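Me: Please go through the contacts between the chains of this model, with the criteria stated.

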Amino acid sequence: MSDHVQSLISPKARIGHNVTIGHGCRIYENVELGENCVIGDCSVIGLPAGVAWAGKPLKIGAGSTIRSHAAIYAGSEFGPKLETGHHVLIREGTMAGENLRVGSHADIEGDCTFGDFCRLHSYAHVGRGSHVGHFVWLYSLTTLTNDPLPPSDLHAPVTVEDGVVVCVGVTLMPGTVLRRGCLIAAESSVSGEVPGGAVASGRPATVVSHVAFLRDLAHGRQHPWMNHFAAAYPPHAQARIQALREAILVGRDEFVRTHLTPKK
Amino acid sequence: MSDHVQSLISPKARIGHNVTIGHGCRIYENVELGENCVIGDCSVIGLPAGVAWAGKPLKIGAGSTIRSHAAIYAGSEFGPKLETGHHVLIREGTMAGENLRVGSHADIEGDCTFGDFCRLHSYAHVGRGSHVGHFVWLYSLTTLTNDPLPPSDLHAPVTVEDGVVVCVGVTLMPGTVLRRGCLIAAESSVSGEVPGGAVASGRPATVVSHVAFLRDLAHGRQHPWMNHFAAAYPPHAQARIQALREAILVGRDEFVRTHLTPKK
Amino acid sequence: MSDHVQSLISPKARIGHNVTIGHGCRIYENVELGENCVIGDCSVIGLPAGVAWAGKPLKIGAGSTIRSHAAIYAGSEFGPKLETGHHVLIREGTMAGENLRVGSHADIEGDCTFGDFCRLHSYAHVGRGSHVGHFVWLYSLTTLTNDPLPPSDLHAPVTVEDGVVVCVGVTLMPGTVLRRGCLIAAESSVSGEVPGGAVASGRPATVVSHVAFLRDLAHGRQHPWMNHFAAAYPPHAQARIQALREAILVGRDEFVRTHLTPKK
């Protein structure tokens with residue numbers, strides 16, 4: 001750990017075997033870092049959260065990589081192989097499964113859940129209280145809101161189910177529910193519930209297709225994305241990915257009848 | 001002040017009683033911090049501004065909290081209880097009243113004014129020269145622009161009056177004027193002048209309603225937001241908030257006749 | 001170099017004459033800084049890139065200014081007078097000419113090229129593989145994407161030619177090509193190819209005019225911007241700017257016939 005000559009590491013922090021801590025970091029006392037973690041330079045790990053979180057630790061699983069200039073609060077738990085870009089903020093009460101990836105400059109406002117293998121790109125903004133399933137993609141500038149009458153004390157967080165893809169620049173309005181495997185086209189603004197497997201697009205977004213009809217014939221790629229992108233995940237995730245793919249496809253014909261057939 | 005073992009604090013900085021400075025910070029010489037301020041880790045306070053600002057200090061009022069990784073220039077003044085999120089940038093010539101709150105990753109470009117009790121959320125971007133009144137809300141990804149013919153040397157900054165609410169993802173085009181108490185719906189793009197109390201929406205935004213008609217009947221909340229959210233402010237602000245509420249409501253009937261009644 | 005009392009500077013870094021390095025920085029070994037550079041506080045310069053970039057240095061030209069909280073990877077090269085705002089990220093494989101300016105909180109994802117004198121504003125996001133010409137403007141919240149079927153392994157980066165202006169909040173979809181001197185209006189979403197000198201606007205963007213028709217009569221300003229903004233560049237750039245202006249104007253009449261004349 002020769003890097004951290006100018007870092008301030010609490011002697012009460014529980015730091016696993018073979019952890020590397022960069023230059024100019026601060027590790028607060030209520031932190032548990034699993035083995036083989038790497039903490040980038042100028043990162044601040046385990047910031048004290050409010051009184052509701054007093055004494056609750058920050059647990060970061062083995063093999064995680066936090067890139068430089070991170071700010072991560074106490075009161076959160078991450079499974080193994082958390083990976084963050086640079087300049088991320090993750091607030092208290094964030095509970096995440098295995099291998100969450102958080103893009104640079106992303107802002108996770110806390111009191112929220114992520115399943116396994118979620119990927120957030122740059123400037124993704126996850127409002128307090130959001131629930132995000134497994135194998136979800138939130139591309140750059142995705143915003144998950146939560147106040148239906150801003151400003152107010154009402155709280156209607158967003159739910160994003162397994163396998164969902166939210167393309168660049170999308171706003172999910174308060175209370176939005178994205179059902180399993182749907183895809184939101186770039187620059188859309190979404191309210192209400194989007195059915196499983198749907199493609200929704202527009203401001204406001206409407207259902208325009210099913211993901212099984214999204215394809216790039218020239219390159220032989222066709223959604224659901226588990227058809228062509230499963231290899232980006234480790235072997236132990238493959239069975240779950242294929243089960244998710246099948247669950248999305250099984251409802252396709254009924255979906256077409258219900259959502260894509262003109263009413264008589 | 002035991003935290004700042006690796007901080008570089010100018011002996012010329014004027015630091016009030018009971019100030020806490022985090023790890024890895026730099027406090028430049030031309031800084032005045034009021035009593036009971038807290039400066040988060042890895043923050044840079046009082047960065048030298050250009051020659052036009054030479055010798056002008058950075059004054060931060062008592063009881064302020066600057067969270068980690070801030071970059072704040074000299075040549076600005078903030079009233080008491082400034083609060084910032086993480087990774088904020090505030091440039092020279094920013095003059096703010098009491099209890100400005102600045103969201104994480106926000107970018108205030110300087111040479112601008114804020115009244116009291118303004119709230120900016122994440123990634124809010126306030127262009128140089130903007131004027132923002134009291135009790136204003138700028139939600140995430142709000143952008144205040146200023147160049148009407150980009151790139152040019154023309155400068156048409158934005159004005160936002162008291163009590164205005166700008167919802168998530170809104171762009172205020174150069175020269176926009178938002179009159180007292182209006183509300184801009186999410187994802188709108190605004191030019192010109194929006195009347196007091198109006199609800200404006202769309203790209204380009206048009207007047208669609210009056211804020212007094214925005215309500216959540218199930219929970220008994222109704223705009224103007226001062227009806228249901230005044231308790232989020234301290235006692236000494238309440239009289240001003242109620243006066244602002246009344247000023248917004250007094251023009252409602254005339255507003256309906258002028259803006260919401262079909263022309264014959 | 002008295003500032004860097006708490007900085008960690010590799011003895012293998014090649015640091016030019018009269019370089020200033022701020023407080024709390026880290027300079028990795030594979031870095032070349034030209035003379036008269038200024039590195040802001042809490043910056044991390046020369047972060048190790050992946051194995052494909054092993055041994056490739058980070059070269060930053062003379063007279064550059066990197067503002068605080070930067071994260072810049074090895075494996076990139078910048079001409080003289082690079083200037084960055086605060087909290088920027090620049091990844092490996094970024095090749096840039098003279099006087100690139102990168103706005104605060106910007107994210108350059110690497111494996112990309114910039115010509116001379118490009119200006120990126122806050123939160124500009126340049127996806128991996130992008131090609132950007134000379135004298136280009138990318139305003140705040142511009143996003144250059146690259147995946148046409150997200151998520152996939154397909155890669156269709158964006159090309160932006162010389163003199164292009166992309167206004168605030170624009171998304172350039174995968175494979176977009178912006179030809180010389182075109183201008184994309186604020187909040188547009190662009191796919192395909194935009195002709196040289198065109199003004200494109202909307203979601204999806206369509207050609208609506210030629211830049212030569214953009215003017216502010218009250219102030220005597222008229223596009224192409226080289227008419228009124230060339231003075232913002234140094235003397236040795238003037239001949240190139242005027243040649244670019246002429247190249248944009250020479251096609252105007254043909255452009256009008258082709259793109260702006262109603263079909264019979």
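Reply: A polar contact is a pair of N or O atoms within 3.5 Å; within protein, one must be able to donate a hydrogen and the other to accept it, and residues adjacent in sequence count only if both atoms are side-chain atoms. The model is predicted: local features need pLDDT of at least 70, side-chain atom pairs count only at pLDDT 80 or more, and totals for chains, interfaces and linings use all residues. Residues are numbered from 1 along each chain as its sequence is written, chains are lettered from A and ligands numbered from 1 in the order in which they are written, and side-chain values use heavy atoms, with hydrogens and water left out.

Me: What is the count of residue pairs in polar contact between chain C and chain B?
Reply: Contact in general means heavy atoms within 4.5 Å, and by that criterion 37 residues of chain C meet 39 residues of chain B. With both residues at pLDDT 80 or more, the count of pairs in polar contact between chain C and chain B is 17.

Me: Which strands and helix of chain C each supply at least two residues of the side that touches chain B?
Reply: Helices (H or I, at least four residues) and strands (E, at least two) are DSSP runs, numbered from the N terminus. The elements of chain C that each supply at least two residues to the side touching chain B are β32 (215–216), β33 (221–222) and α1 (226–229).

Me: Which three residues supply more of the area that chain C buries against chain B than any other three?
Reply: Buried area is the accessible area (1.4 Å probe) that two parts lose on being put together, summed over both. Chain C and chain B bury about 2700 Å², 60% of it on carbon and sulfur atoms. Of the area that chain C buries there, 19% comes from C:H23, C:Y123 and C:E187.

Me: Which residue of chain A meets C:R26 in a salt bridge?
Reply: A salt bridge is a side-chain nitrogen of Lys or Arg within 4 Å of a carboxyl oxygen of Asp or Glu. Three are counted between chain C and chain A. The side chain of C:R26 lies 2.8 Å, N to O, from its partner, A:D41.

Me: How many nonpolar residues does the side of chain C that touches chain A have?
Reply: Ala, Val, Leu, Ile, Met, Phe, Trp, Tyr, Cys and Pro count as nonpolar, Asp, Glu, Lys and Arg as charged, and the others, Gly among them, as polar. Across this interface 17 residue pairs are in polar contact, both at pLDDT 80 or more. On the side of chain C that touches chain A, 13 residues are polar and six are charged, while the nonpolar ones number 21.

Me: Where in chain A is A:R26, which meets B:D41 in a salt bridge?
Reply: The side chains of B:D41 and A:R26 meet at 2.8 Å, N to O. B:D41 is in the loop between β6 (38–39) and β7 (44–47) of chain B.
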